[in-house]
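I opened the model today to work through its sheet, strand by strand, and kept these notes as I went.

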Amino acid sequence: LVPQLIVRDADELDALLEVVRRFGYQRADINMGCPFALQTNHGRGAALLTRPDEVKKICIRMAANNDMAFSIKMRIGLTQRDEWRKVMPLLNDIQLTHVTVHPRLASQGYNGKVDMEAFAELASYSSHKLIYNGDIMCTDDVRKIETSFPNIKGVMIGRGLLANPVLGKEYTTGIKVDDAELINTI
């Protein structure tokens, strides 16, 4: 279990790290991808992608907390598809376990198509292991990502698991679970 922290600045990161340390955590995922206005309107989540000066301060704080391992979850931008370009050099300069990328704009929410071209550009620029996230609804979607991007570390599945809770089992076994078998497993 890795707590995901959503912060607006380095001071908020420090405060939340103090809390997660008290619970014994030694890893944290920093969310720079949340698209919800309740967060982005306060500079959190994907809004950080528009504030590279603040991301730099956050990166400095993460590097100073060398007793913790960090990862990042991000989108390609808040409203522009290339906002990641100003943040990625900062992330490349620090040690991270991985970066999870949802290749959509936060302004899209979960609508529209993922931007595979932007993901490919980001993947070629990142010095970190990448995890792909977005629109994985079946095992064919996972295999398509793995084939298109053989160097990624993995695939994160969100809404696809909500729609099909046995998607992971289907992927690992290669066997489609029919509705009757799904009902019997519940």
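Predicted model: local features only at pLDDT ≥ 70, side-chain atom pairs only at ≥ 80, totals over all residues.

Residues are numbered from 1 along each chain as its sequence is written, and side-chain values use heavy atoms, with hydrogens and water left out.

Entry on the sheet. I found an open sheet of six strands in the order E1-E2-E3-E4-E5-E6, with parallel pairing. Strands E1 (4–5) and E6 (154–156) stand at the edges with a single partner strand each, so one side of each lacks a neighbour in the sheet. Strands here are DSSP runs (E, at least two residues) and helices are runs of H or I of at least four, numbered from the N terminus; two strands pair if DSSP finds at least two bridges between them.

Entry on E3. I looked up its pairing with E2 (residues 27–32) and found that six bridges join E2 to E3 (residues 69–77), with Met32 opposite Met74. Five bridges join E3 to E4, where His102 is the bridge partner of Arg75.

Entry on E4. I checked its burial (buried means under 20% relative accessible area, with a 1.4 Å probe and protein chains only), and seven of the seven residues of E4 are buried. Three bridges join E4 to E5 (residues 130–133), running parallel, and Val101 has Tyr132 as its bridge partner in E5.

How values were computed:
Buried < 20%, exposed > 50% of the residue type's maximum accessible area, 1.4 Å probe, protein only.
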